[in-house]
Amino acid sequence: MGELTARQSGPLRGRVRVPGDKSISHRALLLGSLADGPSRVDGFLPSQDCLATLSCVQALGIPVDVHGEASLTVHGAGLHGLKPPQRSLDCARSGTTMRLLAGILAGQAFGSVLSGDEQLLRRPMERIAGPLRQMRANIETTGGHGPLTIRGRRLRGYDHSLLVASAQVKSALLLAGLYADGPTTVRQPGPARDHTERMLSAMGADLHVSGLTVSLYGPSSLAPILLTVPGDISSASFLLVAAMLVPGSAVTIVDVGVNPTRTGLLDVLRYMGADIALADERKQGNEPVANVTVRTSELRGVEVGGEAVVRMIDELPALAVAATQASGKTVVRDAAELRVKETDRIATTVAGLRALGAQIEALPDGFVVEGPTPLRGARVESHGDHRLAMALAVAGLIADGETEIQDAQCIGDSFPGFVALMHTIGALYD
Ligand code: S3P
């Protein structure tokens, strides 16, 4: 799929399941590798990013049995069971793979190099390397970016105060903390997703959370897990926004993760007037899940900043699409982190939606959208950014004429089967 064409679509209807959560799938592989024995993971996300983590753990000597597409057994070899890799580890385009693995590899008794696609090698890595060095890690970036060269050694615990609310940075430090003498503390400026903490606790780690502060006392072992990964709310968000905007729609997404560190979009859309209902809320392992139903809704503009932005950082391109149809002004601030995602998502979202006729302006740390504006089909660029490609594909469902999204194959980085699933609810894509 090089190019994806979207057409104005009729009502979207159905009851569907989205693929497994990307963040949790990465962590299941990484933490499962360090457990004492086999962990079973069902609902694993077989996306390009998670497959990069899979091949890295295999290159570190961990056998992984793949049962069908979405089930794995990870044969954990214990905290000290990884083997030196034969060559540099390829993280493809996955920031989570590179940053979390760096934390683990910093504490090994061998050296390693983490590399990846040129898109990944443009992303900032001092944000993990700097704090890891405070723990005595020997890690070199390449001008602040990857490739990373790591000479593993025994680490020491450290009390970190993070400058950005980043789950990847927090997780890298906690994973390094597994190999540290003394406690490792991470103080966060905002509520970044907490899947690492939840999984480490489920595996028996001595971890304490108090508000935005997390402390870990390096354990001697981690217990294997039996995990069913919830559906990814970040993937679900594209279906939610599509159903909200296409007239006459009603879509239910079952078994979606609704961890409160991830549900900022649901809260903000509700505030904008969206008809969203959660049913059958329950715990699946250590993570909350629910069935989420959304119906076409009249939206009004909203101002978003602060912690809501942290809780919906990956959903802001989808919010921008919704805002084009909301009455009045939507202002997003405190989202400068978007500038260092797979692309500069402030610049690329603004350019893509403007090409479709939206009134959207960039701010240094966000954007302003004036709505409602009718959208018209055009040829638009994904810039190799999966979330931008899907946001534009959703906009294409309400735009007049055809919307052609270039380089749409990147959608597989997080949401393999996006087009097929959207077809089942009535989206016109080819
Ligand atoms: C992720 C954390 C977030 C998010 C990314 C996945 C994770 O990045 O944007 O898609 O799995 O920890 P940051 O930690 O850079 O905020």
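View 1. Thr252 stands opposite Thr293 in β19. This is a predicted model, in which local features need pLDDT of at least 70, side-chain atom pairs count only at pLDDT 80 or more, and totals for chains, interfaces and linings use all residues. Residues are numbered from 1 along each chain as its sequence is written, and side-chain values use heavy atoms, leaving out hydrogens and water. Strand β17 (residues 250–257) and strand β19 (residues 287–295) pair in the antiparallel sense over six bridges. Two strands pair if DSSP finds at least two bridges between them. Strands (E, at least two residues) and helices (H or I, at least four) are DSSP runs, numbered from the N terminus.

**View 2. Four strands form an open sheet.** The order is β2-β17-β19-β18, with mixed pairing. β2 (13–16) and β18 (275–284) are the edge strands, and each pairs on one side only. From one strand to the next, the twist averages 15 degrees.

**View 3. Helix α7 packs with helix α8.** α7 spans residues 233–245 and α8 residues 264–271. Their axes are 10 Å apart, at an angle of about 20 degrees. Axes are lines fitted to C-alpha atoms, for helices over the stretch in contact, and angles run from 0 to 180 degrees between N-to-C directions. α7 and α8 are therefore roughly parallel to each other (angles under 35 degrees count as roughly parallel).

Note on methods
Angles under 35 degrees count as roughly parallel, over 145 as roughly antiparallel, 65 to 115 as roughly perpendicular and the rest as oblique.
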